[in-house]
Amino acid sequence: YEGGVKGLLKGKATLSFWASSYCLTHPAYMRLLDFYLGEADYSVVHFNNGLHSLGTPTEAWATSLREALRRIRKACPKAKIVWTPSTPLKDPSKTAKARELNAVAAKIVSELGGIATDDLFSAMDPLDREKCWSDTYHFKPDAIAQQAKQVAASCLAAAEGAKGK
């Protein structure tokens, strides 16, 4: 949904986007995250990493999620952090794993405090799997546009909150 978010934020905010196929537990992930966070002075960090982690042991993933959020806070102390639960998948068993990781992440986000949630899972879950998914993981254009609209609104709300500080 990055392209849609970029279009919706044009003239309102500058968008920087980093996507990685690495799970949080991959040895290179934290180094890459640190590098990317050092590239700009971010006012909002909209963060998600779950779908690339579906095969990862939950406890190891949870430990790495805590570490990633700690690094975001350290590198961007003035930024508003917005966590996004992983989206559901076309496959019910993979959706169950995403739901499990999302529940663990929600507890971590709550424990850490001060992190907003942009719940794309709840927005996408009711959609028709045949009409809205192009494959197990990816959405068709109308669903992507819906995600982009929600993410852009979430980022703008977080940026407004950052200005109010």
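The legends below describe close-up views of a predicted model.

Residues are numbered from 1 along each chain as its sequence is written, and side-chain values use heavy atoms, with hydrogens and water left out. Because the model is predicted, local features need pLDDT of at least 70 and side-chain atom pairs count only at pLDDT 80 or more, while totals for chains, interfaces and linings use all residues.

**View 1. Three strands form an open, parallel sheet in the order 1-2-3.** Strands here are DSSP runs of E with at least two residues, and helices are DSSP runs of H or I with at least four residues, both numbered from the N terminus. Two strands pair if DSSP finds at least two bridges between them. Strand 1 (44-47) and strand 3 (115-117) stand at the edges with a single partner strand each, so one side of each has no neighbour in the sheet. On average, neighbouring strands of this sheet are turned by 25° against each other, direction ignored.

**View 2. Strand 2 (residues 80-83) pairs with strand 3 in the parallel sense, over three bridges.** Val82 stands opposite Ala116 in strand 3. Helix 3 (residues 58-75) packs on the sheet and touches strand 1, strand 2 and strand 3; contact means heavy atoms within 4.5 Å. The direction of helix 3 makes about 165° with that of strand 1. Axes are lines fitted to C-alpha atoms, for helices over the stretch in contact, and angles run from 0 to 180 degrees between N-to-C directions.

**View 3. The largest pocket holds about 1,400 Å³ of space.** On a 1 Å grid over the protein atoms alone, a pocket is an open set of points with protein on both sides within 12 Å along at least five of seven lines, and lining residues have an atom within 4 Å of a point. Grid points are joined across faces, edges and corners, and a volume is the space filled by probe spheres set on the points. The lining of the largest pocket has 42 residues, and Tyr1, Phe17, Trp18, His46 and Asn48 lie nearest its centre. Two or more lining residues come from each of helix 1 (2-9), helix 2 (29-37), strand 1 and helix 7. Helix 7 gives the most, with six residues. By class, the lining has 26 nonpolar, 14 polar and two charged residues. Ala, Val, Leu, Ile, Met, Phe, Trp, Tyr, Cys and Pro count as nonpolar, Asp, Glu, Lys and Arg as charged, and the others, Gly among them, as polar.

**View 4. The structure holds one cavity of 30 Å³ or more.** A cavity is a set of grid points where a 1.4 Å probe fits but cannot get out. The volume of the largest cavity is about 30 Å³. Among the residues that line the largest cavity are Asn48, Trp61, Trp83 and Asn102. Its lining has three nonpolar, six polar and no charged residues.

**View 5. Helix 7 (residues 141-163) includes Lys149 and Gln147.** Lys149 is exposed, with a relative accessible area of 61%, whereas Gln147 is buried at 4%. Buried means under 20% relative accessible area, exposed over 50%, and partly exposed in between (1.4 Å probe, protein chains only). Leaving aside neighbours within four places in sequence, Gln147 is in contact with Tyr1, Thr87, Leu120, Met124 and Phe139.

**View 6. Phe35 lies in helix 2.** Phe35 is exposed, with a relative accessible area of 55%. From C-alpha to C-alpha, Phe35 and Ala75 are 9.8 Å apart in space, and they are 40 residues apart in sequence.
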